[in-house]
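Take a short walk through this structure. We will look at one residue, then its helix, then a pair of helices elsewhere in the chain.

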Amino acid sequence: MIIGLTGTFAAGKDTVANYLKNKGFFYTSLSDFIREECDRRSISKNLDNLIKTANELRVLHGSNYLAKLALEKIKNTNTKKALVVSIRNLEEYRELRKNPDFKLIAIDAPIELRYQRAINRGGDKDQISFEKFKMLEEKEMASPKENEMQMRPIIKSANYIINNESTVDELYKKVDGILEKFNKIKIKIKRIDKSLPLPSYQTQGSVAFDLYSRIDDIINPKEIKLIPTNFILSPPPEGYFFMLASRSSLPIKKGLMVANGVGIFDHDYCGPEDEYKIQLYNFSEKPVEIKQCERLAQLMLIRFTKTEIEETDEVAKTSRGGIGSTEGYN
């Protein structure tokens with residue numbers, strides 16, 4: 001995952017960046033490359049010089065130059081979580097967006113509040129008048145020149161825009177909410193019959209998505225039958241597995257139950273013939289009819305940790321007792 005941070009002057013990008021760094025994100029800033037260039041030129045790193053130097057670098061090396069430097073730096077670290085800050089040019093954004101794992105967050109706040117923050121932090125580049133602050137920001141928002149700053153369209157293109165006009169704790173909560181959405185795991189699915197729908201979560205609070213039958217069928221009394229669900233899934237990420245369980249209404253309404261209690265699907269169950277199936281047992285005294293697209297079970301993604309087995313002669317010195325040893329029933 002690569003998260004890009006952009007936004008207006010003094011909106012809180014550094015605060016968010018530090019928060020993400022503490023969460024293990026590798027940090028790189030396009031502005032750092034500009035500051036390094038200012039040092040090489042032995043010029044002050046005030047706001048005017050930073051803007052001028054950035055524009056000159058883009059003219060000399062291409063408008064996506066700073067983004068390429070950042071991506072190369074990330075590649076060399078071999079990190080899985082990276083953060084790129086201070087994206088101010090459309091070509092920089094487009095270069096970063098070529099990476100399929102890239103997501104952009106924009107930070108903004110009312111200009112009066114941001115100006116006061118800039119003055120309060122007391123840096124060399126922040127000691128300017130409010131009028132100049134507004135003038136520089138407008139210049140940053142939408143320059144007609146390809147090599148200069150074009151913040152307005154970049155902010156509009158962000159996956160999420162945070163309005164940072166409250167407390168730092170509120171800002172952190174907003175960032176956490178976005179990270180939760182970014183961290184959703186995507187699984188590829190292949191349908192056998194493409195005329196039938198994809199499986200889905202039925203409510204906002206559902207922890208599993210429902211599985212349906214691909215076919216019409218009948219399960220006779222005391223019979224176990226495999227019911228195909230119409231899809232093949234790609235393996236989940238390392239450390240996760242899919243578990244199948246019965247829908248809570250299945251025994252009461254249908255007289256059926258998942259015959260093996262739960263179904264566990266291993267990572268290598270993903271080949272062309274590995275359609276997910278539900279093993280159903282009819283415990284009633286009459287045949288049960290299954291209709292195509294009838295929801296019968298649910299599938300959930302669960303985290304697990306593999307254990308290493310080590311043999312020993314003794315596990316504990318005393319025994320707890322077996323089934324029923326703690327009583328609890330009359």
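Start with Glu95, which sits in helix α5, spanning residues 90-97. The model is a predicted one. Is Glu95 buried or exposed? Its relative accessibility is 11%. Buried means under 20%, so Glu95 counts as buried.

Now look around Glu95. Leaving aside residues up to four places away in sequence, Glu95 touches Asn64, Ala67, Lys68 and Leu71. The side chain of Glu95 also makes a polar contact of 3.2 Å with the side chain of Lys98.

Step back to the helix. Glu95 is one of the buried residues of α5, along with Leu90, Glu92, Tyr93 and Leu96. What do the buried residues of α5 pack against? The partners are the helices α2 (30-41), α3 (47-61), α4 (65-77) and α8 (151-157), and the strands β3 (82-85) and β4 (102-108). At the start of α5, look for Asn89. One of its side-chain oxygens comes to within 2.8 Å of the backbone nitrogen of Glu91.

Next, turn to another pair of helices. Helix α1 covers residues 13-22, and helix α9 covers residues 168-182. Their axes come within 11 Å and cross at roughly 60 degrees. That angle makes α1 oblique to α9. The crossing is right-handed.

Which residues make this contact? From α1 come Thr15, Val16, Tyr19 and Leu20. From α9 come Val168, Leu171, Tyr172, Val175, Asp176 and Leu179. By type, the contact of α1 with α9 has eight nonpolar residues, one polar and one charged.

Conventions:
Residues numbered from 1 in each chain as written. Predicted model: local features only at pLDDT ≥ 70, side-chain atom pairs only at ≥ 80, totals over all residues. Heavy atoms only, no water. Helix = DSSP H or I, 4+ residues; strand = E, 2+ residues; numbered from the N terminus. Buried < 20%, exposed > 50% of the residue type's maximum accessible area, 1.4 Å probe, protein only. Polar contact = N/O pair within 3.5 Å; in protein donor to acceptor, adjacent residues only side chain to side chain. Contact = heavy atoms within 4.5 Å. Axes fitted to C-alpha atoms, helices over the stretch in contact; angles between N-to-C directions. Parallel < 35°, antiparallel > 145°, perpendicular 65-115°, else oblique. Left-handed = near helix turned anticlockwise from the far one by under 90°. Nonpolar A, V, L, I, M, F, W, Y, C, P; charged D, E, K, R; others polar.
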